[in-house]
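The following exercises concern the structure shown below.

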Amino acid sequence: MRRALALAALLFVLLPVASTSAATPKVDLIDVEDEVMCVDCGIPLNTAEGAQPDGQRELIRELIAQGMTKEQIKQELVAEYGPDVLALPETSGVGITAYAVPLVLGGLVVAALVLLVPRWRRRPAAGMGTAEGGTVAAGAGARPVSDADVARLDEDLARYDG
Amino acid sequence: MKRFLVPIVAAVVALGLVGLLGYGLFSRSTDDSIEQAVASGRFPPAPSVELPVLGSEESQSVAALRGQVVVLNFWASWCIPCRTEAPILERAHKRLTASGSGTVLGVTYNDSRPASLTFADKYGMSFPSVRDVGAKLAERYGTRRVPETFVIDRRGRVVDVFRGQIDQAFIDRALAKAQAS
């Protein structure tokens, strides 16, 4: 009975620890650094040097030590430094063009393809011709393949196989 | 007309992208309009944003301090010249509060709360500071580096500005100017 109680107490202590460590993936500084910006220099934190980015790194280390997840750390960094700390373009002002320009360019490419592909398909292929004896040669500037050529090719292949 | 459609669209897109690049560069350039106005003797209205007070649940703004002389100082814990400035600002704050004529108001720039609090404590800064998360106020003052100091008169106008590390002579001159205007 006493042993069973001790086992239950041990499980009671260990289970929450085990479940917490399973739910919280281990985060390290490098893992966070490449997803946030140095707010003073405007470059990714993992390439920034100086007192200000060192301060950001120090804060990240403290937050890791508190057991926060990467997402929680990012939220905390936004609360401390503002949204510019995330390596994402702003969703207002000039920053919105980072989202809009690829969409507009993609739309133009699709529109160009819709307009031009049917036209290209309708255009007859240059250099397509029929040689004597009905053998077809493809490609611009290609010499038509004659029956003699075919016969010589067959002889060469037969010699090669033999 | 049809054969010109694709080149025209391509040219419009290219011009648009060049315009966008120009706008992006221009919008991020340093704004020194406050300095220019002060240098020409026109005292511009001090920009104001309500911001949370460091180490407090309250908020503060330059506009709320109208009627007082305000020494607005942008600082950060990682800024080395800010260490030298701290005692000068502290003396100015004591002088202004003793006479009841004003205050020093610090503004933290790209700094975390714990680091700012540690710095303020270490360098004996008793004057209030606000946390400018996202540098909204800094942007309106054209601040891109710290330290920078703006002296505001009772009418809420910027009467002097110094971008860099201030000294006692600057504070004495600027406060005299603010109190006289």
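**Exercise 1.** Which residues in H4(B) are buried?

*Solution.* The model is a predicted one, in which local features need pLDDT of at least 70 and side-chain atom pairs count only at pLDDT 80 or more, while totals for chains, interfaces and linings use all residues. Residues are numbered from 1 along each chain as its sequence is written, and chains are lettered from A and ligands numbered from 1 in the order in which they are written.

Step 1. A residue is buried if 20 or more other C-beta atoms, placed from the backbone, lie within 10 Å of its own, exposed if 12 or fewer, and partly exposed in between. Helices (H or I, at least four residues) and strands (E, at least two) are DSSP runs, numbered from the N terminus.

Step 2. In H4(B), the buried residues are Ser116(B), Phe119(B) and Ala120(B). Because they cover an arc of only 95° around the axis, they lie on the same side of H4(B); the arc is that of the directions from the helix axis to the C-beta atoms. An α-helix has 3.6 residues a turn, so residues three or four places apart point the same way.

Step 3. Thr118(B), Asp121(B) and Lys122(B), on the other side of H4(B), are exposed.

Step 4. The buried residues of H4(B) pack against strand S4 (102–108) and strand S5 (129–131) of chain B.

**Exercise 2.** Determine the order of the strands in the sheet of chain B and describe the pairing of S3(B) with S4(B).

*Solution.* Step 1. Two strands pair if DSSP finds at least two bridges between them. Five strands of chain B form an open sheet with mixed pairing, in the order S5-S4-S3-S6-S7.

Step 1. S5 and strand S7 (158–163) of chain B are the edge strands, each pairing on one side only.

Step 2. S3(B) and S4(B) pair in the parallel sense over seven bridges, and Leu72(B) stands opposite Leu105(B) in S4(B).

Step 3. By contrast, strand S6 (residues 148–152) of chain B pairs with S7(B) in the antiparallel sense over five bridges. Here Glu148(B) stands opposite Arg163(B) in S7(B).

**Exercise 3.** Is S3(B) largely enclosed or open, and why?

*Solution.* Step 1. Seven of the seven residues of S3(B) are buried, so this strand is largely enclosed by the rest of the structure.

Step 1. Both faces are covered: one side holds the buried Val69(B), Val71(B), Asn73(B) and Trp75(B), and the other holds the buried Val70(B), Leu72(B) and Phe74(B). In a regular strand the side chains alternate between the two faces of the sheet.

**Exercise 4.** How many residues has the largest nonpolar core?

*Solution.* Step 1. A nonpolar core is a set of buried Ala, Val, Leu, Ile, Met, Phe, Trp, Tyr and Cys residues joined through C-beta atoms within 7 Å. The largest has 45 residues, and those with the most contacts inside it include Leu72(B), Ala92(B) and Phe150(B).

Step 1. Two residues are in contact if their C-beta atoms, placed from the backbone, lie within 7 Å. Leaving aside neighbours within four places in sequence, Ala92(B) is in contact with Val71(B), Val104(B), Ile171(B) and Leu175(B).

**Exercise 5.** How many residues of chain B are in contact with chain A?

*Solution.* Step 1. 18 residues of chain B are in contact with 15 residues of chain A.

Step 1. H1(B) gives the most to the side of chain B that touches chain A, with seven residues.
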